[in-house]
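Here's a short tour for anyone meeting this structure for the first time. Have a look around, and then let's go through it together.

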Amino acid sequence: MSLYLLLFWTFFKISLFCIGGGYNMIPLMQHEMAAQGWLPADRFMDMLAISEVTPGPMAVNLATFSGYQVAGVFGSFVATLGVCLPGAIILLALGSIALRLRDRPAFRATMKGLMPALVGLLSATALRLWMSNLPEGTWVPSPVTAVVFSVALAIILWKKPHPLQIMLGAAVVGILFSLIPA
Amino acid sequence: MTHSRVHFLPLCWSFFKIGAGAFGGGIAALPVFEAELVNRRHWLTPAEVAEAYAICQSIPGVIIINFAVFTGLRLTGKRGAILAAIAVAIPSFLIILALATVIGGHWHNRWIAAALSGLRPAVIAIVVGAAYRLGRRSFHSFLPWIAAAVGGGLMFAGWITPIALILIGAAIGFSLFLFRPKHNEETP
């Protein structure tokens with residue numbers, strides 16, 4: 001299979017199995033990128049950070065960025081197309097049936113069963129990213145990681161900041177830490 | 001209700017602006033939809049936006065893309081739906097492409113590396129927060145938390161792929177519905 005076709009299919013599959021949008025797509029993408037050997041977890045995290053601070057849907061940002069990293073401009077195009085198509089096809093095909101689907105008890109029960117899976121996936125992915133961000137050969141995080149992670153998590157759980165506020169603050173703290181002479 | 005008065009050009013322009021203005025995606029984009037489609041264009045009511053959003057969240061894919069297709073379909077028809085989806089995706093596609101070509105060779109630049117060293121743990125905190133919020137919102141007993149821990153453990157160990165875990169979760173939810181106790185109040 002050509003690389004472009006594989007890229008398209010991978011992102012189509014990721015999108016097709018992503019329910020609820022937003023952050024739920026992160027575990028699927030991280031897994032596929034690592035499984036295909038396209039992006040290690042730490043580089044994936046960098047792209048996630050950039051996708052958070054640039055406008056537009058995060059999933060489209062991630063697909064465009066990953067596609068470009070893997071196969072250049074045309075790669076970013078097929079990856080973006082792949083991530084956008086499943087939902088569009090379903091909506092165009094179902095039309096008004098999609099409107100009523102949500103009220104079906106069977107559908108609601110299925111969604112309810114999905115929730116623990118999604119929470120588990122997000123937690124496992126967070127743990128994987130955490131591990132990939134540890135300095136080599138140790139379990140102790142770097143000072144900047146320890147400070148930013150605990151402060152950011154406290155703020156996120158306490159109030160509901162816009163992700164952009166968290167990210168901008170974190171970038172500033174990262175730069176300040178780098179100015180401390182070692 | 002039909003909105004045949006809506007033309008393709010304003011529709012595309014509105015969704016282009018939504019694509020350029022919505023940061024982070026998902027629920028964070030809802031106010032941007034409302035500002036453009038309700039307050040400025042008067043194409044939809046706040047209730048219609050909320051309903052469309054809920055529907056787009058319950059089918060696979062990217063919520064904002066789904067929202068563009070759904071709204072385009074409702075306001076103009078199939079051609080408008082496709083145009084709206086393209087319009088909403090174009091800003092992020094172009095911005096990211098420009099950024100990727102710039103940053104691509106400079107991952108080790110001193111300032112970029114320093115900013116990323118702060119951004120990485122923030123991203124992890126955001127993912128942890130998303131997991132916790134989702135659980136708090138949708139779990140009403142401790143059982144789903146255990147199920148989440150087991151599923152997450154299996155995935156972390158590499159014994160199960162995310163797609164398999166999602167299918168298992170859906171299958172469990174559906175079978176709990178099929179074999180639910182009849183003539184009985186729902187058990188937690």
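What percentage of the 182 residues in chain A is buried? The answer is 53%. Keep in mind that this is a predicted model.

**Chain A at a glance**

Chain A has 8 helices and 0 strands. Read from the N terminus, its elements go α-α-α-α-α-α-α-α. Along the principal axes, the C-alpha atoms of the chain fill a box of roughly 60 × 40 × 30 Å. Take the contacts in chain A with a separation of 6 or more: 57% of them are between residues 24 or more positions apart.

**A covered helix**

Let's start with H2(A). This helix is mostly covered, with 8 of its 11 residues buried. Which ones are they? The buried residues of H2(A) are Met25(A), Ile26(A), Pro27(A), Leu28(A), Met29(A), Gln30(A), His31(A) and Met33(A). And what covers them? The cover includes H1, H3, H4 and H6 of chain A, together with H6 and helix H8 (162-178) of chain B. After H2(A) comes Gly37(A), which has a positive phi, near 75°.

**Where the two chains meet**

Now for the partner chain. In chain A, 90 residues are in contact with 82 residues of chain B. Helices H1 (3-16), H2 (25-35), H3 (41-53), H4 (58-94), H5 (97-101), H6 (105-132), H7 (143-158) and H8 (163-179) of chain A each give two or more residues to the side that touches chain B. H6(A) supplies the largest share of that side, 24 residues. Sorted by class, the side of chain A that touches chain B holds 63 nonpolar, 22 polar and 5 charged residues.

Chain B itself is divided into domain 1 (8-103) and domain 2 (110-178). The centres of these two domains of chain B, taken over C-alpha atoms, are 26 Å apart.

**Two helix pairs that share H8(A)**

H8(A) turns up in two packing arrangements, one with H6(B) and one with H7(A). Here they are in a table.

| Helix pair | Crossing angle | Axis distance |
|---|---|---|
| H8(A) and H6(B) | about 135° | 7 Å |
| H7(A) and H8(A) | roughly 160° | within 10 Å |

Take the pair across the chains to begin with. H8(A) and helix H6 (residues 110-138) of chain B pack at an angle of about 135°. Because of that angle, H8(A) counts as oblique to H6(B). H8(A) passes H6(B) in a right-handed crossing. On the H8(A) side, the contact is made by Pro163(A), Ile166(A), Met167(A), Ala170(A), Ala171(A), Val173(A), Gly174(A), Ile175(A), Phe177(A) and Ser178(A). On the H6(B) side, the residues are Trp111(B), Ala114(B), Ala115(B), Leu116(B), Ser117(B), Gly118(B), Leu119(B), Ala122(B) and Ile126(B). The residues of this contact of H8(A) with H6(B) split into 15 nonpolar, 4 polar and no charged.

Next comes the pair inside chain A. The axes of H7(A) and H8(A) cross at roughly 160°, so H7(A) is roughly antiparallel to H8(A). H7(A) passes H8(A) in a right-handed crossing. From H7(A), the residues Pro143(A), Val144(A), Val147(A), Val148(A), Ala152(A), Ile155(A) and Ile156(A) take part. They meet Ile166(A), Ala170(A), Val173(A), Gly174(A) and Phe177(A) in H8(A). The residues of the contact of H7(A) with H8(A) come out as 11 nonpolar, 1 polar and no charged.

Val151(A) counts as partly exposed because it has 17 C-beta neighbours inside 10 Å. From C-alpha to C-alpha, Val151(A) and Val78(A) are 38 Å apart in space, and they are 73 residues apart in sequence.

Then find Ala71(A), in helix H4 of chain A. Leaving aside residues up to four places away in sequence, Ala71(A) touches Leu3(A), Tyr4(A) and Leu7(A). Ala71(A) and Arg104(A) are 33 residues apart in sequence and 42 Å apart in space, C-alpha to C-alpha.

Note on methods
Residues numbered from 1 in each chain as written. Chains lettered and ligands numbered in written order. Predicted model: local features only at pLDDT ≥ 70, side-chain atom pairs only at ≥ 80, totals over all residues. Contact = placed C-beta atoms within 7 Å. Helix = DSSP H or I, 4+ residues; strand = E, 2+ residues; numbered from the N terminus. Nonpolar A, V, L, I, M, F, W, Y, C, P; charged D, E, K, R; others polar. Axes fitted to C-alpha atoms, helices over the stretch in contact; angles between N-to-C directions. Parallel < 35°, antiparallel > 145°, perpendicular 65-115°, else oblique. Left-handed = near helix turned anticlockwise from the far one by under 90°. Domains from an automatic or database assignment. Buried ≥ 20, exposed ≤ 12 C-beta atoms within 10 Å, placed from the backbone.
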